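Good morning, and thank you for coming.

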Amino acid sequence: MTTKVHVECDIRDPGLAEAGRLRTEWAERSMPVLRQIRARFEAERPLERKRLSACLHVTSETANLVHTLKAGGAEVALCASNPLSTQDDVAAHLVVNEGISVYARKGEDHRTYYEHIRAALAHRPDLTMDDGADLVGALHMIALERFDDLAEPVREWATALAQEDRQALVSQVIGSTEETTTGVIRLKAMARDDVLQFPVMAVNDSHTKHLFDNRYGTGQSTLDGILRATNYLLAGSVVVVAGYGMCGRGFAARAQGVGANIIVTEVDPVKALEAAMDGFRVMPMIEAARVGDLFVTLTGNVGVIGVSHFRIMKDGAMVANSGHFNVEIDLEGLAQIADGAPRRIRPLVDEYRVDSRRIHVLGEGRLINLAAAEGHPASVMDMSFANQALASEYLVRNAGILERQVYRVPEGIDREIAELKLRGMSIQIDELSPEQERYLASWHLGT
Ligand code: NAI
């Protein structure tokens, strides 16, 4: 049976649309905040006729965000923000049942990944939405005519455009939103170097995002990805957690919860101290490398585990990454010191032989929670994507007022999301009495 597709797209199989619809509906049940925003968007249409190109993990939670943006009047195009994280059935659902242009196939190669970014840019967006700043980065390289920094499919397309077209592509963008820590770091660097071309809302910096998504979402789903990839018993094993930021502390807590002995590696003295006082052993990676059974990087940095570490790891050691890019584990270095090519011993486990010891790399060093599991649970993405939807509305409402800077989502919106989430969870809290308000506002009512 063939399924008719009426929009421009590049997906694995439109025949998967029904499975994707069910998966999306299942996620929606845990997304009460987004549901409420969608109802308001349907009535108010704050994104009417705005073309929005989003580069996000193509998952059932993202499908619910796309529904919300569409309800607000946006014309959405979606490409993947990671080659391994796409849920092909969800991509099919969005294309077939929602008429959204989706460019994403699970397991797409490097060229196809950038071809999909190019396709999303070719929609000539008024708004962009990014997870890791690949889309916005490409747009800026085009505007700044730094063609050598562009991946091939984007470069070919951009150089064929007239200069006015290239400028128009960027100058019509009202603004962008950015989902993750790594993307925000890149965009802040662009603002610092005075090359940022439009305002960006750092969704990651909202309390209702990083305190929950990065901590509880990454914590649980990273564990989930590792277990699905390996079926390994964590109880009694030594798990080395590189990076004790929001993601690292979430994962360390969850791994401890199933009985692992945790070692934390850090470069920030305050974070290292926190890890130590949370009850974990803290040491440099070169020491941890000798004793760890499983290593997980969550730093947003490059080359955190390298050749000097692989050379001293135990036989059977496993390494995985849950930071945004696949640069935290030096896989090229590992390939160079390994005897022969790696052997795929399970669907997402590659075995390398180093000095007659086996080292196992999970999920090709890409975000293990998305490569081997389903990413964050919907309940936590509810808040992250509420921030995305409301930040897009804010950009449109403040078009022409905001500067070419990275902004936090206003505190009022952050609190509103927390209130809506509490309501969705049927949790009530106390309110300040007038006397308490006076007390907290005053400097002379001390006793
Ligand atoms: P964060 O900034 O809160 O924490 C990162 C920590 O890594 C910092 O404490 C830093 O000092 C430490 N670090 C940096 N270089 C290090 C090194 N060489 N060795 C040891 N520690 C080092 O960042 P957050 O929010 O925890 O994010 C970490 C990464 O995870 C980012 O790339 C982010 O984009 C990504 N992320 C992944 C998610 C997923 O679904 N897997 C979800 C959210 C974020």
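I begin with two helices: α1 and α3 pack with their axes 8 Å apart, at an angle of about 80°. Axes here are lines fitted to C-alpha atoms, for helices over the stretch in contact, and angles run from 0 to 180 degrees between N-to-C directions. The angle makes α1 roughly perpendicular to α3, since angles of 65 to 115 degrees count as roughly perpendicular, under 35 as roughly parallel, over 145 as roughly antiparallel and the rest as oblique. From α1, the contact is made by Arg 23, Thr 24, Ala 27 and Glu 28, and from α3 by Ser 60, Glu 61, Ala 63, Asn 64 and His 67. Contact means heavy atoms within 4.5 Å. By class, the contact of α1 with α3 has 2 nonpolar, 4 polar and 3 charged residues. In this scheme Ala, Val, Leu, Ile, Met, Phe, Trp, Tyr, Cys and Pro count as nonpolar, Asp, Glu, Lys and Arg as charged, and the others, Gly among them, as polar.

A word on the basis of these values. This is a predicted model, in which local features need pLDDT of at least 70 and side-chain atom pairs count only at pLDDT 80 or more, while totals for chains, interfaces and linings use all residues. Residues are numbered from 1 along each chain as its sequence is written, and side-chain values use heavy atoms, with hydrogens and water left out. Helices (H or I, at least four residues) and strands (E, at least two) are DSSP runs, numbered from the N terminus.

Is Arg 38 buried or exposed? Arg 38 is buried, because its relative accessible area is 15%; buried means under 20% relative accessible area, exposed over 50% and partly exposed in between, with a 1.4 Å probe and protein chains only. Its side chain makes a polar contact of 3.3 Å with the side chain of Asn 64. A polar contact is a pair of N or O atoms within 3.5 Å; within protein, one must be able to donate a hydrogen and the other to accept it, and residues adjacent in sequence count only if both atoms are side-chain atoms. Leaving aside neighbours within four places in sequence, Arg 38 is in contact with Glu 28, Asn 64, His 67, Thr 68 and Ala 71.

Next comes the sheet. It is an open sheet of 7 strands in the order β3-β2-β1-β4-β5-β6-β15, and the pairing is parallel. Two strands pair if DSSP finds at least two bridges between them. The edge strands, β3 (101-103) and β15 (406-408), each pair on one side only. Between neighbouring strands of this sheet, the turn is 20° on average, direction ignored. Strand β2, residues 75-80, pairs with β3 in the parallel sense over 3 bridges, and Leu 78 stands opposite Val 102 in β3. Helix α3, residues 60-71, packs on the sheet and touches β1, β2 and β4; its direction makes about 160° with that of β2. Helix α6, residues 134-143, also packs on the sheet, touching β1, β2, β4 and β5, and its direction makes about 130° with that of β4.

How many of the 11 residues of helix α4 are buried? The number is 8, so α4 (residues 88-98) is largely enclosed by the rest of the structure. What covers its buried residues includes α1, α3, β2 and β3. Just after α4, Gly 99 takes a positive phi of about 65°.

We return to α6, whose axis comes within 10 Å of that of α5 (residues 110-121), crossing at roughly 70°. That makes α5 roughly perpendicular to α6. Tyr 113, Tyr 114, Ile 117, Ala 120 and Leu 121 in α5 meet Asp 134, Leu 135, Ala 138, Leu 139 and Ile 142 in α6. The residues of this contact divide into 9 nonpolar, no polar and 1 charged.

Two loop residues deserve a remark. Ala 133, in the loop between β4 and α6, has a positive phi of about 70° although it is not a glycine; Ala 133 is buried, at 2% relative accessible area. Glu 145, in the loop between α6 and α7, has a positive phi near 55° and is partly exposed, at 32%.

Phe 310 counts as buried, because its relative accessibility is 0%. Not counting residues up to four places away in sequence, the residues that Phe 310 touches include Ile 305, Val 319, Ile 329 and Asp 330. Thank you.
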